Amino acid sequence: MDDRRVADYFVVAGLPENPQPLEEFSNEAAIKSTYKQDPITDITVINKSLGDKVPNGYVCLEKTPSEYPADLNHGSILQHEMYICYRRSRDKPPLTDVGVLYESKERLMGGCEVILQTYYGSPANVNNSSNQHTYITYRRAPENAPSDMLAVVDLCVILENKGEGPPHSYCQIHKNLNRSMVGSSVYLCYKKAMTKTDILAYKPAVLDRYPREDYEDFPLPESVAMFCLPMGATVECWSAKSQHPLPVYSTFVLTGIGWNKVYGAAITFYEEYPEDKLSDFQMRNLGVKNKNIREQYRIRKTVHSNKSICLLSHWPFFDPFRKLLSYLHRVSITSSHIVPIERHISHFMYDVPYPSPQRPRILVQLNQDSICLSMPEDSPLPQTGASFLLMLKDLGPENCMTILLYVLHEHKILIHSLRPAVLTSVAEAVSTLIFPLQWQCPYIPLCPLGLSDLLQSPTPYIIGLDSRYFDLFDPPPDVICVDLDTINIWPPDDKKNISYKLLPKKPAKVLQESLHKLYDKLSTVKWSGHDESTVDMGPMDLDFKRKHREMVLDMQIQEAFLRFMACIMKGYKQYLKPIENAPDIDTTNAASLFDMQGKFTWNTPDIDTTNAASLFDMQGKFTWNAPDIDTTNAASLFDMQDKFTWNALDIDTTNAASLFDMQGKFTWNTPDIDTTNAASLFDMQGRFTWNAPDIDTTNAASLFDMQGFLKSRDKANHKFMQTLLRTQLFNRFIEERSFVSDKDDSLAFFDECCEKVVETSEEPRLIDLDDSQKSERTMFILPPEPVGLPEGVRYSYNGFPVLQPSLFLEKNKPARSASQARSQAGPNSPVARRTKQEVKTAQKAAQQAYTATSNPTMWAKCLLGHAYSLWYMTLPAYIKSGQSVTKALKLGHEVMRVMQKHQLKPPDELCFRVMLQLCGQYNKPELAVKVYSTMKRAGIQPNAITYGYYNKAVLEGIWPTAINQGRVLWRKLRNVVLGVAKFKRTVRRRSVSTFSSSESDQISRTSYDSFLEDDRVDARHEPIMKSEGHVEVPMFDVPRKTSNIPEEVERAASDRGYNSMTLEEAKTFSEIIDTEHRESKDKESKFRRDLKNVLSFSFRRKNKKSESEILEESKGKYRVVVHSTIRFSRFS
């Protein structure tokens, strides 16, 4: 039975007992001057040609954004000059909509009014044609409108023929006010916002939770309250006549280590707040200070605060979560119930099972409501909370393609809307467009207001924001803003020429045609709804079918983008560069990732990667050239504890320890990242990794032939491809493709898509839906019963209550979360497994062989190939039974040669994958190379899983030495004999009796250098050995100090006379020795620096020797050679 948890936590967030003000609201110096301005309550038209003046209290729209006259008949000849005027106030309900009416062609919408006359009584026809009348219309809010109603707060006139567009967050009315043959194209725009004035915002907190204890595998994130209430916990004052605002549904995503996502669904509502809990400051700001005056003038106001209830889960069941939370909220505000809220919460979290192939549909009944859970699509594509339907519906085909280009080239993308539930679904779809690539920069689908400083980050990001943020602040100038409400994209001035037309032509044309077909289908299909209060089986079945239709359309949209990515990446496997030899220093060369002069690059086109001083200077400072960062103060970026801050989610930007500590950890701006484990990213040896398992070769250039791949593309697409190849997401893709990762199944599926796809056609299909979705098997979950509760007790609430632990009923508690479920079938599993695509391919090949009547031997060879596959599947168990590993692996390789000799083609790559996995497990890299060569000769191109196991085996295996050990020993003995012979010959020819003992020591010092002349050469060519996947540091030529020469050598070198050398020769020779001695000291200091650099940037060395140990080892070798010399000389 599947014991995965449907939901992990239930959380209640709101205003704490001692609230702290939200800085974004309290900083009046940074807030826009237009914040809290009065809404527009009246609108009129004046005719300046007749001498009309601006009425008292009104403001006239005189200019367009580009300072053109805002005449509604602009450019017309001999026509009236018509202008719009408006008035702001709070003495009447505001306007909620503004429109344009073409008389005799359209019908006036309900609740709207038409401006037929100007303020002074003349005709208000704004069209310059007498035959066609065009009027301005508006709609006014009712007297009892809720406080969160959107009102018109600003108006604007634009001239499209002058290149003007609607300002940011303005909605354009797509009706030309000047419909004549002569004149400009004049359009009216308006902006809507909430017009709350009496409001105080505070930092939210978790008020209650269930369960009270954290799971071991998934503790409750501390930032969850901030995401439940992204605009803060507020205290507001309304008019007593105002309606109560409806609950607002929102979703969010928390991203942890390795991009493990946690999905949140929340419903926010308002509850009355007691006035006696307000301080004097709060009462003054809310306008409720003097209660007597309010009663005297009959000013009735009420105080409220917002609260949120939330469900956290590893699975994006957004629609079922919304229904459950809405039901719980209704229970808290309706009449008494026999089952408390606590029992409903525990019933859903512990009694509702996760959908599985045996029970693909779960129907949960909650009194008069019902919740439907369907099994997620069993697809190799990543499971996310994305809704491609909403993205295509809200943006349109061309805008979706333009956003695809922005994401592929890693731009700053800011998605905003007044609908928080839409933000997360669309942001998830935007980040998934580029599959199999994965966004590597900051990603927050719904960013709380308290983390809005992240918008100033110089790195690329994808961030979703509530549009109310722009009532307080302007967007950064270098950000691409995507408005889901007005269906507009506002790029910066330097990126206005970037559009979907820069995508590769052929695949982009196919993508555009596919999206237009699906967009038309979305606009014509009408989804059948039903009353949610009914429990009849007919509507329930319709609900499942409706969800299935939506899922099919969503898959078709995703398939269109998958086809585009497969077309631009087609044939990339041919340019992967496998590791075929023992790894050396170049394989893990730190200079390719971390320049010795301090340069650190990101391969992004907007960063000057040629100037090291702009990134990492000699003082250890790391900057990003951002205008708001003090780049002269190293402590602000890289302090004594090696800290680097990102202003990201859950990261204290004033505390450097959260990002770059003494062990060198560097994180990626994702929320809830474990910043205490530095070894995973940047260790003391200078290694910089990308969270890939056991990967040290993080330089994509050593794994992929980028120039060869670029040359294989169409020349017209070189500029696009060059920018793509420089991005972080492409480098990360190459690393994941080259080594074992948890995305191997998805990458193998993408490889098959690249082989099947046709650049100019929508066929063949790339995604096949699973048949389990067609199953009608449904499991019914009955409502919770009042078991264990006092008889006759009914539960009534005045707002959402404080949860009582005694009312929960815990049973059938699932023990596993999503992360545990994924880890069971992880890439390091010793069990040989086939992917679903391999199973389907093998079945199709077997069917063809079985039905091939022209060649009867095909079926026999097919069966024999499957028999060999079964044999290889049992090979790991054969080795574990106690057989010789070397003999078993050689036997496996020999069987491969036999299969190749008899031209037996295996049904899939399982045979080779098992051998490569065993080679990596038992440290046989040379055999892995042979297996890979055998595979290539058989004409089999390894998929992502097999290729990852091969590179892992070659990179982490222990390679044998290239030089025979006996040969090394004989060479050392030869060097000793030759050294002693030269020493004796020199001593006999030159001897001086007047030298001091110290000068004799210097002469004897030279003989030692000659002894080890050949040994140094051998040491430089000594192969690099590996231990547990790390590279041994090669031995360098260590200079020896005179003071370190043993006494035996002094006596051995001075026990013979020096009378054969003259005094002048001795002095000259002494000067030479002194010079060499000084050079020796210089070499020693240089050696220490080089050795330090090698130790600092050695990528795969864990237990490396310290500098003193290496010097001590060199002294030991020195003593061995000298003792041998002494014994040999005495023997002579």
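Reply: Start with a rule: the expected span of a helix is 1.5 Å times one less than its number of residues. Keep in mind that this model is predicted.

Me: How do you know that the span of helix α22 agrees with that rule?

Reply: Helix α22 covers residues 910-921, which makes 12 residues.

Me: Why is α22 called mostly covered?

Reply: Buried means under 20% relative accessible area. In α22, 10 of the 12 residues are buried, so the helix counts as mostly covered. Among them are L910, F912, R913 and L918.

Me: What do the buried residues of α22 pack against?

Reply: They pack against α18 (836-851), α19 (857-873), α20 (875-880), α21 (885-901), α23 (925-937) and α24 (944-956).

Me: What comes just after α22?

Reply: N923 sits there, with a positive phi of about 55 degrees.

Me: Why is the disulfide count what it is?

Reply: A disulfide is a covalent bond between the sulfur atoms of two cysteines. The cut-off here is a pair of cysteine sulfur atoms within 2.5 Å. By this rule, the count is 0. Take C753: the nearest cysteine sulfur, that of C754, is 7.0 Å away, so C753 is in no disulfide. For C754, the nearest cysteine sulfur is that of C753, at 7.0 Å, and C754 is in no disulfide either.

Me: What makes C753 and C754 buried?

Reply: The limit is under 20%. C753 has a relative accessible area of 1%, so C753 is buried. C754 has 5%, so C754 is buried too.

Notes:
Residues numbered from 1 in each chain as written. Predicted model: local features only at pLDDT ≥ 70, side-chain atom pairs only at ≥ 80, totals over all residues. Heavy atoms only, no water. Helix = DSSP H or I, 4+ residues; strand = E, 2+ residues; numbered from the N terminus. Buried < 20%, exposed > 50% of the residue type's maximum accessible area, 1.4 Å probe, protein only. Contact = heavy atoms within 4.5 Å.
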